[in-house]
Amino acid sequence: MNLLIMGLPGAGKGTQAAKIVEQFKVAHISTGDMFRAAIANQTELGLLAKSYMDGGNLVPDEVTNGIVKERLGQEDIKATGFLLDGYPRTIEQAHALDAALAELGISLDGVINIEIDPAKLQERLSGRIIHKATGETFHKVFNPPAEGYNEEDYYQREDDKPESVARRLEVNISQSQPIIEHYRSKGLVHDIEGDQDIEEVYAEIEKVLSNLK
Ligand code: AP5
Ligand code: MG
């Protein structure tokens, strides 16, 4: 299956992606994770991405389109399928993705659109904690690690500070609607209610994906 997962910052894309990938064995391609890995490795791409990400702005389309196209062209993708998380984020990226997929002879099977009231997102992002050793995402209140936690084993994302969150929401709200409409016109979009428990959100997604298989 070849899928997109869309939703505003904090909607739960990464949380649901981890579950989808585990069950349906598709490759998880998160542009945010790719940029954060490049930052951690202090590559040229990382330096560039950081200058945009810390302020909550988008990395330029030509850079992002390039890394996604390269990843989609790798050997494993045709065998496993993919779940793109956080891409496309502009209508130009959606058009670039259409072109890249056409060139590779791959078609999209569905778009998971997690809907949520933006007013709920600040508390999702301010409480997010990420396990340093495994990269797994939790939430201090909504999804705490089962065994409890030591603060020093977890970190918070640079762009989860309030100033960056406000800008991320502004940028993403203004860009996302045309993208959803683009895929809706192709009959690919499945709307999912994001304001429910993590397991309830996943149950809706699982139903959709089981019907697509
Ligand atoms: P990216 O990493 O994609 O961040 P984002 O879109 O802002 O989304 P998040 O990862 O913050 O949220 P999420 O939806 O994954 O939520 P999560 O599951 O973690 O992008 C970061 C930056 O990189 C961008 O700002 C940009 O600069 C750059 N970038 C990336 N892609 C780009 C592109 N295509 N073009 C240009 N630039 C790009 O959940 C959030 C929290 O809520 C967690 O703590 C979780 O435990 C909790 N939670 C999840 N679900 C629930 C639930 N149902 N109930 C209660 N709590 C929940
Ligand atoms: Mg994410």
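User: Buried means a relative accessible area under 20%, exposed means over 50%, and partly exposed lies in between (1.4 Å probe, protein chains only). What is the relative accessible area of G86, and is the residue buried or exposed?
Analyst: This is a predicted model, in which local features need pLDDT of at least 70 and side-chain atom pairs count only at pLDDT 80 or more, while totals for chains, interfaces and linings use all residues. Residues are numbered from 1 along each chain as its sequence is written, chains are lettered from A and ligands numbered from 1 in the order written, and side-chain values use heavy atoms, without hydrogens and water. G86 belongs to the loop between β3 (82-85) and α6, helices being DSSP runs of H or I with at least four residues and strands runs of E with at least two, numbered from the N terminus. The residue counts as buried because its relative accessible area is 11%.

User: Which residues does G86 contact beyond its neighbours within four places in sequence?
Analyst: Contact means heavy atoms within 4.5 Å. With the neighbours within four places in sequence left aside, the contacts of G86 are I5, K13 and T31.

User: What is the volume of the largest cavity?
Analyst: A cavity is a set of points on a 1 Å grid over the protein atoms alone where a 1.4 Å probe fits but cannot get out, and its lining residues have an atom within 4 Å of a point. Volume is the space filled by probe spheres set on the points, which are joined across faces, edges and corners. The structure holds 1 cavity of 30 Å³ or more. The space in the largest cavity is about 110 Å³.

User: Which element gives the most residues to the lining of the largest cavity?
Analyst: The lining comprises 13 residues, and those closest to the cavity centre are M6, G7, P88, R89 and N172. With 4 residues, the element that gives the most is α8.

User: What is the relative accessibility of R89?
Analyst: R89 is in the loop between β3 and α6. Beyond four places in sequence, its contacts are K13, L58, N172, Q175 and I179. R89 counts as partly exposed because its relative accessibility is 26%.

User: Where is F138, and what is its relative accessible area?
Analyst: F138 is in strand β6 (residues 137-139). Residues that F138 touches, not counting those up to four places away in sequence, are G127, R128, I129, H131, N143, P144, P145 and Y154. F138 is buried, as its relative accessible area is 13%.

Technical notes: On a 1 Å grid over the protein atoms alone, a cavity is a set of points where a 1.4 Å probe fits but cannot get out, and a pocket is an open set with protein on both sides within 12 Å along at least five of seven lines; lining residues have an atom within 4 Å of a point.
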